Amino acid sequence: MTDVPYEEWRARAAGLVPHTGHHVDGEFTGTGSTPVSSPRDGKTIAHIASAGRSEVDAAVAAARRAFDTGPWPRLAPAERKAALLRWAGLIERDRSTIALLISLEMGKPISEALGIELRAVINCIRWYAEAADKQLDESPRTGGSSLALVTREPVGVVAAVVPWNFPLTMAAWKIAPALAAGCTAVLKPAEESPLSALHLAALSAEAGLPPGVFNVVNGPGEVAGRALGEHPSVDVLAFTGSTEVGRHFLRYAADSNLKRVWLELGGKSPNIILPDAPDLDAAADTAAWGIFFNAGEMCTAPSRLLVHRSIASRVVDRVVARAEALRTGDPLDPSTEMGPLVSLPHHARVMSHIQAAKSDGARLRTGATVDGRHIAPTVFDQVKPGMRIARDEVFGPVLAVLEFDGVDEAITLANDTDYGLAAAVWTSDLSTAHRVSRSLRAGTVWVNCYEEGDMSVPFGGVKQSGHGRDKSLHALDKYTDLKTTWIEL
Ligand code: NAP
Ligand code: MG
């Protein structure tokens with residue numbers, strides 16, 4: 001994915017000077033005081049400004065002014081498209097620097113930061129830019145002497161609060177459709193990953209997005225995130241993160257201005273492998289890739305492997321072999337396949353899930369060892385549905401294997417969770433594929449694949465994985481209101 005050698009990435013990292021302020025009204029403000037450390041080695045890579053209520057107020061006020069009186073919502077959609085395309089072009093120009101910032105701040109392997117995350121972000125902004133001038137309003141046939149117009153109006157100020165695992169993709173999925181629709185935005189990145197977001201903000205100004213259209217505030221969730229959630233001038237709050245914090249945002253909205261809250265939350269996604277899978281080895285390889293990709297720090301990770309008893313040992317042996325072959329290492333080494341966990345507290349949390357699996361009686365097949373800030377790819381089999389490792393989201397490289405005897409049992413097991421983000425089934429039988437997909441309560445069901453997607457298809461969850469959809473034209477609905485204008489002729 002990258003031709004740049006390891007030494008070169010390290011040299012570039014040493015010379016990097018990240019932006020450290022808040023980005024408000026087109027400018028950086030505030031002085032850096034809070035350290036951001038790299039999960040590579042724990043070393044401080046920057047000191048960033050940290051927002052209290054007054055800094056959040058200033059960012060929201062800038063977005064409010066830009067929406068209420070600024071040019072952005074009043075531009076022809078084609079002009080917003082042009083500005084967003086310029087922004088995407090600058091992100092492409094700086095993609096190596098931004099990938100490096102992501103890799104340093106949250107530990108994603110550089111080849112994936114560059115080849116997966118940057119590509120996704122650029123693609124997302126271009127996609128919504130192109131959509132901006134292709135939306136049509138409606139005029140229902142009311143008849144008589146009247147004319148009804150049904151138009152989509154931008155909702156106003158959108159606040160986005162996002163996690164660290166795909167720091168820019170999660171942000172772009174919200175910011176790009178919001179800006180394309182004519183809204184203005186305030187982003188609060190996760191404390192672990194503010195630097196890549198700030199670089200994006202600098203490029204938005206360079207691209208000529210008017211001041212106040214895209215603002216970034218840093219700071220702890222309990223302070224800056226909460227201030228956005230409770231803010232009377234925020235019209236829509238778009239959140240990606242844990243189910244627990246999602247609940248807070250619903251309360252903040254209820255206790256303030258009833259702003260709309262869109263939630264993309266956690267998951268415990270089932271991956272069902274039936275004996276008639278078209279290629280059992282491919283199914284096993286994908287199961288392993290899926291749970292260890294991004295060190296398992298994936299909301300959609302296929303963390304429950306449900307495998308038919310008749311093929312379980314063959315499939316699990318292969319998953320274990322894949323786990324043991326994975327190259328863990330320094331995220332700046334282009335050959336690294338799995339980096340460290342994002343932080344020491346998160347590392348400790350994942351280890352406590354591993355401990356719980358052991359004490360609940362699951363059988364450890366491989367992994368669970370610690371090497372610095374890494375946790376070796378871990379597989380537990382003989383997992384029973386009531387065990388904590390079968391129920392709790394780990395957000396780390398830990399797979400739970402459960403066996404079943406029949407398709408109905410697999411469906412019951414799969415749906416036996418509070419979550420409903422994603423699921424998969426592997427089978428060659430057309431009606432089994434449809435019957436199982438239809439029975440699975442999940443926002444996405446993959447058949448004979450995992451993690452496939454496209455900007456044109458929606459992404460999001462059901463049950464306690466949240467509601468509302470990112471990606472696709474449907475996401476524009478979250479950032480627009482329908483307005484009816486009735487005219488007597
Ligand atoms: P998190 O703890 O929920 O934090 C997410 C964001 O919310 C961060 O910006 C955080 O700020 C902020 N926050 C924390 N506490 C808050 C509070 N009391 N009020 C307002 N904001 C608050 O999640 P995370 O640890 O960053 O990410 C892991 C979780 O995200 C997992 O559960 C995962 O499944 C989920 N996730 C879901 C998706 C999806 O699309 N469905 C995608 C990725 C991740 P700080 O950084 O300052 O704490
Ligand atoms: Mg956090």
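## Helix pairs and the ligand site

Q: Which residues of α6 do Glu117, Ala120, Val121, Cys124, Ile125, Tyr128 and Ala132 in α5 meet?
A: Keep in mind that this is a predicted model. Those seven names are the α5 side of the contact with α6. By class, that contact has 13 nonpolar, one polar and one charged residues. On the α6 side, the partners are Pro167, Leu168, Thr169, Ala172, Trp173, Ala176, Pro177 and Ala180.

Q: How are α5 and α6 oriented to each other?
A: The axes of α5 (residues 110-132) and α6 (residues 167-181) come within 9 Å and cross at roughly 10°. Angles under 35 degrees count as roughly parallel. So the answer for α5 and α6 is roughly parallel.

Q: And what about α1 and α4, how do they lie to each other?
A: Trp9, Arg12 and Ala13 in α1 meet Ser96, Leu100 and Leu104 in α4. By class, this contact has four nonpolar, one polar and one charged residues. The axes come within 11 Å and cross at roughly 85°. With 65 to 115 degrees as the range, α1 and α4 are therefore roughly perpendicular.

Q: Which residue puts a backbone N or O atom 2.7 Å from a nitrogen atom of ligand 1?
A: Ligand 1 is surrounded by 33 residues, with Glu191, Gly221, Ser242, Leu265 and Glu393 the closest. Gly221 has a backbone N or O atom at 2.7 Å too, but from an oxygen atom of the ligand. For the nitrogen atom, it's Leu265.

Q: How much of ligand 1 does the protein bury?
A: A backbone N or O atom of Gly241 lies 3.4 Å from an oxygen atom of ligand 1. Taken alone, the ligand exposes 890 Å², and the share of that buried by the protein is 91%.

Key
Residues numbered from 1 in each chain as written. Chains lettered and ligands numbered in written order. Predicted model: local features only at pLDDT ≥ 70, side-chain atom pairs only at ≥ 80, totals over all residues. Heavy atoms only, no water. Axes fitted to C-alpha atoms, helices over the stretch in contact; angles between N-to-C directions. Helix = DSSP H or I, 4+ residues; strand = E, 2+ residues; numbered from the N terminus. Parallel < 35°, antiparallel > 145°, perpendicular 65-115°, else oblique. Contact = heavy atoms within 4.5 Å. Nonpolar A, V, L, I, M, F, W, Y, C, P; charged D, E, K, R; others polar. Near = heavy atom within 4 Å. Polar contact = N/O pair within 3.5 Å; in protein donor to acceptor, adjacent residues only side chain to side chain. Areas by Shrake-Rupley, 256 points an atom, 1.4 Å probe, with all protein chains shown as cover.
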